[in-house]
Amino acid sequence: MTVTDVDKHRTEDDAAAETRLRRELAAVYRLVAHFKMTDLIYNHISVRLPGPEHRFLLNPYGLLYEEITASSLVIVGLDGELVTDGPWRVNPAGFVIHGAIHAARDDALCVLHTHTKAGCAVAAQEHGLLPLNQMSLEFYNRVAYHDYEGIALSNAERERLVADLGGKPVMILRNHGLLTVGKTPGQAFLRMFYLERACQIQVDALAGGAPVVTPPPEVCERTARQFEGDRSGDDYGLAGTPELAWNAMLRLVERVAPDYKN
């Protein structure tokens, strides 16, 4: 195979991967809208495209999540500039947060950020996410925290944000909102779905005024490892369940927003 043939082969592979990622990312936008985790035209969900350039797909500034399709997603470089031509622009805050994480974490191919009511409520609580239920235990000792510095419009914040995130899968931006990362759009979405549910349960449980019960630390850690696939001491495992859940979400978006693939 000649060098030209290799380059052509890679180009075709990259084009196919981009088409797939566009559809997966558009599906996540529609699912976030379906589950009412949006903030008008704000927030972002991004996916890094294959290749050495560190380019990523992002929503064009001004579209509601329910309007986003695979073809409407724009490509942005690490300099925050649009790679694709068109009438759209991007929100600088999306570049500051998402660009920083994509540049620093090779495993963070998808980054999802929300400003939900429950997420912002827990982000305002000094103790952060508490181990109050099985959903929150998925994230036990696996939540990063980043202190609020104002609207994310400064490049100087990027290093601190990345340092605070470290290698963890989810982050609570204090006084701001929630953030998840994933190796795929589906993984980032499922993490956000359950992080959001954990926050909702926490807000409701604390609002009741009664003392709350938390499992012992060793049980919390064991549960988190079970979510990660550790079967130590168990007779059964959870293998394959995230894939089953994501496939169910794709069937859902096909029913409620079939135009997402356009």
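**The salt-bridge network**

Tutor: A network of salt bridges links Arg142, Glu221, Arg225, Glu228 and Asp230. The model is a predicted one. Side chains of opposite charge can pair when their charged atoms come close. The structure holds 12 salt bridges.

One of them joins Arg142 to Glu228, with 2.6 Å between the closest N and O atoms. The two partners come from distant parts of the chain, 86 residues apart: Arg142 is in the loop between helix 4 and strand 5, while Glu228 is in the loop between helix 7 and helix 8. Their surroundings can be read from the accessible area. Arg142 counts as buried because its relative accessibility is 14%, under the 20% cut-off. Glu228 has a relative accessible area of 53% and is therefore exposed, the cut-off here being over 50%.

Glu221 and Arg225 both belong to helix 7 and are 4 residues apart, so about one helical turn separates them. Glu221 is partly exposed, at 21% relative accessible area, and Arg225 is also partly exposed, at 31%.

Arg225 has a further partner: its side chain meets that of Asp230 in a salt bridge with an N to O distance of 3.2 Å. Asp230 has a relative accessible area of 27%, so this residue is partly exposed.

Next comes the largest pocket, which holds about 1200 Å³ of space. Its lining is made by 39 residues, and Glu228 is listed with Glu138, Phe227, Thr241 and Pro242 as the closest to the pocket centre. Several elements supply at least two lining residues each: helix 4 (134-137), strand 7 (177-182), helix 6 (185-207), helix 7 (217-227) and helix 8 (241-256). Helix 7, which carries Glu221 and Arg225, is one of these elements. The most is given by helix 8, with 6 residues. By residue type, the lining divides into 14 nonpolar, 13 polar and 12 charged residues.

The second largest pocket has a volume of about 240 Å³. Of the 16 residues in its lining, Asn91, Ala93, His115, Ile151 and His176 are the closest to its centre. Helix 2 (residues 92-104) gives the most to this lining, with 4 residues. Here the division is 8 nonpolar, 8 polar and no charged residues, whereas the lining of the largest pocket includes 12 charged ones.

Together with Tyr148 and Leu153, Ile151 makes a nonpolar surface patch of about 350 Å². Leu153 lies in the loop between strand 5 (143-146) and helix 5 (156-165). Leu153 counts as exposed because its relative accessibility is 54%.

To return to the part in question, Arg142 and Glu228 pair across distant parts of the chain, Glu221 and Arg225 pair within helix 7, and Arg225 also pairs with Asp230.

Notes: Residues numbered from 1 in each chain as written. Predicted model: local features only at pLDDT ≥ 70, side-chain atom pairs only at ≥ 80, totals over all residues. Heavy atoms only, no water. 1 Å grid on protein atoms, 1.4 Å probe; cavity = no way out; pocket = protein on both sides within 12 Å on 5 of 7 lines; lining within 4 Å. Points joined across faces, edges and corners; volume = space filled by probe spheres on them. Nonpolar A, V, L, I, M, F, W, Y, C, P; charged D, E, K, R; others polar. Patch = residues over 30% accessible without salt bridge, like charges linked within 9 Å, V, L, I, M, F, W, Y side chains within 5 Å. Areas by Shrake-Rupley, 256 points an atom, 1.4 Å probe, with all protein chains shown as cover. Salt bridge = Lys/Arg side-chain N within 4 Å of Asp/Glu carboxyl O. Buried < 20%, exposed > 50% of the residue type's maximum accessible area, 1.4 Å probe, protein only.
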